[in-house]
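Please look over the sequence and the structure shown below before reading on.

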Amino acid sequence: DVCGSLDRQGFVRQILIVFSPGCWPSVQTAAANFARTGAAQLFVFDGLELARSLAHDLLDGHRPAEGKIDAHAGELETSLMLALEPSHVKMERAVAHYSDLLAQLQQSPLASMSLRHKMLSINLWDWSRFGDDGVTGDATLASASKGNTILERLGASVAEHFIKYA
């Protein structure tokens with residue numbers, strides 16, 4: 001509906017950057033329908049996957065070879081929130097918790113798949129399977145500085161892609 005409204009207002013190129021894996025099925029369906037019916041070009045990015053790929057050198061707690069996967073509410077996402085809405089983050093409650101389940105997947109043929117596809121491949125729809133706190137990573141290592149750097153890289157990468165392919 002939003003893309004259709006923007007289309008009717010004359011926005012001929014639109015970008016969606018999605019940061020919630022839980023909404024991907026509906027976003028993909030809506031984007032495919034829009035592509036068939038709308039006049040505007042629609043570019044859709046998985047914001048978290050892109051952020052992960054751009055931040056590998058910043059994340060001290062993300063060491064897949066050691067089974068330490070920063071996947072949810074860990075260093076990456078907490079750093080982003082510290083940069084965007086620091087008042088919503090209570091660092092005194094930050095924890096470090098890594099998923100044995102994701103560590104096991106790093107030793108399987110699925111190791112090179114995206115996090116979203118790994119989750120789908122093991123029927124993982126609920127973060128509570130990682131642990132009671134829902135954290136998979138080390139939120140204690142998060143900082144606003146890391147979050148700002150990640151956001152700057154993300155913006156530059158999306159802009160470069162958009163200019164090249166729009």
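Predicted model: local features only at pLDDT ≥ 70, side-chain atom pairs only at ≥ 80, totals over all residues.

A residue is called buried when its relative accessible area is under 20%, exposed when that area is over 50%, and partly exposed in between. By this rule A73, at 24% relative accessibility, counts as partly exposed.

- A73 lies in the loop that runs between α3 and α4.
- Although A73 is not a glycine, its phi angle is positive, at about 60 degrees.

**E75 and the cover over α4**

- E75 is found in helix α4, which covers residues 75-84.
- Is E75 buried or exposed? Its relative accessible area is 0%, so E75 counts as buried.
- Leaving out residues up to four places away in sequence, E75 touches a set of residues that includes L58, L59, D60, G61 and H62, and its contacts also include D70, D138, A139, L141, A142 and K146.
- The helix as a whole is mostly covered, since 7 of the 10 residues of α4 are buried.
- Those buried residues are E75, L76, E77, T78, S79, L80 and L82.
- Which elements do the buried residues of α4 pack against? They pack against helix α3 (47-55), strand β4 (137-138) and helix α7.

**How α4 meets α7**

- The axis of α4 and the axis of helix α7 (residues 144-165) come within 7 Å of each other, and they cross at roughly 90 degrees.
- Angles from 65 to 115 degrees count as roughly perpendicular, and α4 and α7 are therefore described as roughly perpendicular to each other.
- On the α4 side of this contact are E75, L76, S79, L80, L82, A83 and L84, while on the α7 side they meet A144, K146, G147, N148, I150 and L151.
- The residues of this contact between α4 and α7 divide into 8 nonpolar, 3 polar and 2 charged.

**How α4 meets α3**

- Helices α3 and α4 pack at an angle of about 100 degrees, and their axes are 11 Å apart.
- By the rule for angles used above, α3 and α4 are therefore also roughly perpendicular to each other.
- In this contact L48, A51, R52 and A55 of α3 meet L76, E77 and L80 of α4.
- The residues of the contact of α3 with α4 divide into 5 nonpolar, no polar and 2 charged.

**Y98, in another loop**

- Y98 is found in the loop between strand β3 (96-97) and helix α5 (100-105).
- At 18% relative accessibility Y98 counts as buried, because its value is under the 20% limit.
- Apart from neighbours within four places in sequence, Y98 is in contact with G61, G67, K68, I69, G137 and D138.
- Two of these residues, G61 and D138, are also listed among the residues that E75 touches.
- Along the chain Y98 and E75 are 23 residues apart, and their C-alpha atoms are separated by 11 Å.

**Cysteines**

- A disulfide is a covalent bond between the sulfur atoms of two cysteines.
- How many disulfides does the model contain? The count comes to 0 disulfides.
- C3 is in no disulfide, and the nearest cysteine sulfur to it, that of C23, is 12 Å away.
- C3 is buried, with a relative accessible area of 13%, whereas C23, at 23% relative accessibility, counts as partly exposed.

**The chain as a whole**

- The protein chain holds 7 helices and 4 strands, and read along the sequence these follow the pattern α-β-α-β-α-α-β-α-α-β-α.
- Along its principal axes, the C-alpha trace spans about 45 × 35 × 25 Å.
- Of the 166 residues in the protein chain, 39% are buried.
- When contacts between residues at least 6 apart in sequence are considered, 75% of them join residues at least 24 apart.
- The accessible surface of the chain comes to about 9500 Å², and 55% of that surface belongs to carbon and sulfur atoms.

Conventions: Residues numbered from 1 in each chain as written. Heavy atoms only, no water. Helix = DSSP H or I, 4+ residues; strand = E, 2+ residues; numbered from the N terminus. Buried < 20%, exposed > 50% of the residue type's maximum accessible area, 1.4 Å probe, protein only. Contact = heavy atoms within 4.5 Å. Axes fitted to C-alpha atoms, helices over the stretch in contact; angles between N-to-C directions. Parallel < 35°, antiparallel > 145°, perpendicular 65-115°, else oblique. Nonpolar A, V, L, I, M, F, W, Y, C, P; charged D, E, K, R; others polar. Areas by Shrake-Rupley, 256 points an atom, 1.4 Å probe, with all protein chains shown as cover. Disulfide = S-S within 2.5 Å.
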